[in-house]
Amino acid sequence: MAENLVKILAINSSPKTKGHTTKLLGRFVNSAKKLGAKVKQINLFKVHIPPVTGQLKKKVKRLTKLQKELVTADGFVIATPTYWFAEPGVLKNFIDNLTPLEENNFMLEGKVAGFIVYSPEGGETDVLENLAMTFNQMGIILPPYSLIFYRGPQDKWALEDVKLLAKNMIQQIKSQKMQGLKWG
């Protein structure tokens with residue numbers, strides 16, 4: 001039974017606890033839980049994430065707590081606002097700190113992910129493109145409707161699509177587990 005449990009990490013890169021990004025991620029989390037997933041939420045602004053030194057080809061001796069969370073999860077969703085048409089620095093530091101996982105046997109390969117971007121002033125497609133490209137290079141799988149942007153109340157569809165993202169991620173994870181798919 002435990003192998004059927006879907007574990008998802010919900011990552012928030014907004015410093016606001018009641019802003020649009022957090023609310024959108026909350027809708028995702030509630031939907032995923034209703035569908036039976038175990039969801040753990042992490043707020044990046046509450047975690048100390050040091051900048052990367054730039055040293056490549058470094059063997060991983062011990063995973064950080066956040067790296068461990070990602071490696072043991074079946075999938076993850078990242079919700080982020082845009083700052084000056086890009087992702088916030090805390091999200092960039094988080095992503096840069098995943099480089100050792102990629103360089104040490106693609107430790108995130110086969111994980112299922114989705115991205116939610118709040119962008120009232122633009123940059124959402126650039127951020128989504130960057131996230132999709134970066135994580136695709138790490139072997140991450142993106143199910144249908146996994147790149148969501150929200151610019152404000154006019155994007156009512158996005159409020160429903162975050163629920164669809166939860167459903168599609170869980171379906172993809174269960175399907176991969178059932179089929180025993182291996183990538184790479």
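How many bridges join strand E4 to E5, and do they run parallel or antiparallel? Keeping in mind that this is a predicted model, select residues 112–118, which make up strand E4, together with E5, and you will find 4 bridges joining the two strands, which run parallel. Within this pair, pick isoleucine 116 and look across to isoleucine 148 in E5, which stands opposite.

Stay with strand E5 (residues 147–150) and show its side chains: Ile148 and Tyr150 belong to the covered face, whereas Leu147 and Phe149 belong to the uncovered one. In a regular strand, side chains alternate between the two faces of the sheet.

The structure holds 4 aromatic pairs, and one of them is formed by phenylalanine 149 and tryptophan 157, edge-to-face, with 5.2 Å from centre to centre and 80° between the planes. Tryptophan 157 has a relative accessibility of 35% and therefore counts as partly exposed. For another aromatic group, select Phe76, Phe115 and Phe135, which form one cluster.

Next, go to glutamate 124, which lies in helix H5 (residues 124–137). Leaving out residues up to four places away in sequence, glutamate 124 touches Thr82, Val117, Ser119, Phe149 and Arg151, so that Phe149, already visited on the uncovered face of E5, comes back into view. Which side chain of opposite charge is nearest to glutamate 124? It is that of arginine 151, at 4.3 Å, and glutamate 124, although buried, has no salt bridge; the cut-off for a salt bridge is 4 Å. What glutamate 124 does have is a polar contact of 3.1 Å between its side chain and that of serine 119.

The last stop is serine 13, in the loop between strand E1 (7–12) and helix H1 (20–34). Is serine 13 buried or exposed? Its relative accessible area is 0%, and serine 13 is therefore buried. Display its surroundings, setting aside neighbours within four places in sequence, and you will find contacts with Leu44, Phe45, Ala79, Thr80, Pro81, Pro88, Val90 and Leu91. With one of these, threonine 80, the side chain of serine 13 makes a side-chain polar contact of 2.6 Å. To finish, draw a distance from the C-alpha atom of serine 13 to that of threonine 82: the two residues are 69 residues apart along the chain, and these atoms are separated by 9.7 Å.

Note on methods. Residues are numbered from 1 along each chain as its sequence is written. This is a predicted model: local features need pLDDT of at least 70, side-chain atom pairs count only at pLDDT 80 or more; totals for chains, interfaces and linings use all residues. Side-chain values use heavy atoms; hydrogens and water are left out. Buried means under 20% relative accessible area, exposed over 50%, partly exposed in between (1.4 Å probe, protein chains only). Lys and Arg count as positive and Asp and Glu as negative; His and the chain ends are not counted. A polar contact is a pair of N or O atoms within 3.5 Å; within protein, one must be able to donate a hydrogen and the other to accept it, and residues adjacent in sequence count only if both atoms are side-chain atoms. Contact means heavy atoms within 4.5 Å. Rings of Phe, Tyr and Trp (its six-membered ring) pair if their centres lie within 6.5 Å; planes under 30 degrees apart count as stacked, over 60 as edge-to-face and the rest as tilted. Two strands pair if DSSP finds at least two bridges between them.
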